Amino acid sequence: MTAIVLLGPPGAGKGTVAEILVEQGFEHVSTGELLREQIRLKTKLGLEAAQLIEKGLLVPDGVVVGMIHSLFDRAEKGKKFLFDGFPRTLAQAIKLDELIAAVGGTLSDVILLECEDEVIIKRLSGRRTCEKCGTVYHITYNAPASGDVCDVDGGRLKQRSDDAVDTIQKRLDIYAERTAPLIGYYRDKGLVHVVDATLSIAEVRAAVFERVGK
Ligand code: AP5
């Protein structure tokens, strides 16, 4: 089993880039999406997570690791995981190393999407997501063909509740404090490949594909 981590601030384009690697057989594991699914299902975990996510805070490590843990039960030989939004703290990174080692797997690459705060604020405040299928758009950079309607299934496009400007700033602060230290952690292991995420969607996807898609 091999794994890749997509690292980068909120709104750098991790989910957007992930699409191209899914086409190459990677299983996309977004802890944000797993948590939003629990919120949609109104589970106890989802209701507790919603309160933290709306404030731009992190969900406790134990909860997130618990969700990831079961993936490794079916981490058969040849499996390729793409982690997006996980790990986000040093404790999560250490746990991921342990889980990978326990199944004899390898963390092959950490793709760091670098992007300035001003670009991120424009991206997140213009992001819209299909409430049916989850396809992500941007009102300027990646607009749907018609109004607030999804090109894929005609679903209504919505703004995420944590994409309010104050909450975006909080998420950026937490990224700097809790997640950015992982860059040094993975650099020491020689795994980090930096991609300029301020480029166009096509250019960022091409740079990531060049590194890990072949
Ligand atoms: P999560 O869903 O993981 O949010 P995030 O990391 O903040 O990242 P986003 O999904 O906001 O952005 P993205 O980088 O995927 O960008 P996207 O491709 O959509 O987590 C949400 C919350 O859940 C967290 O705040 C936390 O509370 C909790 N959580 C999740 N994981 C956790 C964990 N491990 N531990 C604890 N808590 C956890 O792109 C953004 C926009 O820009 C889109 O509109 C897109 O169309 C546009 N765009 C993308 N790329 C480009 C480009 N190159 N040029 C122009 N526009 C672009």
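Start by selecting helices H4 and H5: Asp61, Val64, Val65, Ile68 and His69 of H4 meet Ala91, Gln92, Lys95 and Leu99 of H5. Contact here means heavy atoms within 4.5 Å. By class, those contact residues are five nonpolar, two polar and two charged. For the classes, Ala, Val, Leu, Ile, Met, Phe, Trp, Tyr, Cys and Pro are nonpolar, Asp, Glu, Lys and Arg are charged, and the others, Gly among them, are polar.

Before going on, keep in mind that this is a predicted model, where local features need pLDDT of at least 70 and side-chain atom pairs count only at pLDDT 80 or more, while totals for chains, interfaces and linings use all residues. Residues are numbered from 1 along each chain as its sequence is written, and side-chain values use heavy atoms, with hydrogens and water left out.

Stay with this pair and look along the helices. The axes of H4 (residues 61-69) and H5 come within 10 Å and cross at roughly 25°, so the two are roughly parallel to each other. Axes are lines fitted to C-alpha atoms, for helices over the stretch in contact, with angles from 0 to 180 degrees between N-to-C directions. Under 35 degrees counts as roughly parallel, over 145 as roughly antiparallel, 65 to 115 as roughly perpendicular, and the rest as oblique.

Next, select Phe86 and Pro87. The peptide bond between them is cis, with omega near -5°. Pro87 sits in the loop between strand E3 (80-84) and helix H5 (90-102). As a rule, most peptide bonds are trans, and most residues other than glycine have a negative phi.

That brings up Lys42, so where is it? Look in the loop between H2 and H3. Phi of Lys42 is near 55°, a positive value in a residue other than glycine.

Now select the helices on either side of that loop. The axes of H2 (residues 31-40) and H3 (residues 44-54) come within 7 Å and cross at roughly 120°, which makes H2 and H3 oblique to each other. Their crossing is left-handed. Leu35, Gln38 and Ile39 of H2 make the contact with Leu45, Gly46, Ala49, Ala50 and Ile53 of H3. Six of the contact residues are nonpolar, two are polar and none is charged.

Move to H1 (residues 14-22) and H9 (residues 201-213), which pack at about 50° with their axes 9 Å apart. That makes H1 oblique to H9, and the crossing is right-handed.

Last stop: the ligand. For Gly13, the distance from a ligand oxygen to a polar backbone atom is 3.0 Å, and for Leu57 it is 2.6 Å.

Note on methods. Helices (H or I, at least four residues) and strands (E, at least two) are DSSP runs, numbered from the N terminus. A crossing is left-handed if the near helix is turned anticlockwise from the far one by less than a right angle, and right-handed if clockwise. A polar contact is a pair of N or O atoms within 3.5 Å; within protein, one must be able to donate a hydrogen and the other to accept it, and residues adjacent in sequence count only if both atoms are side-chain atoms.
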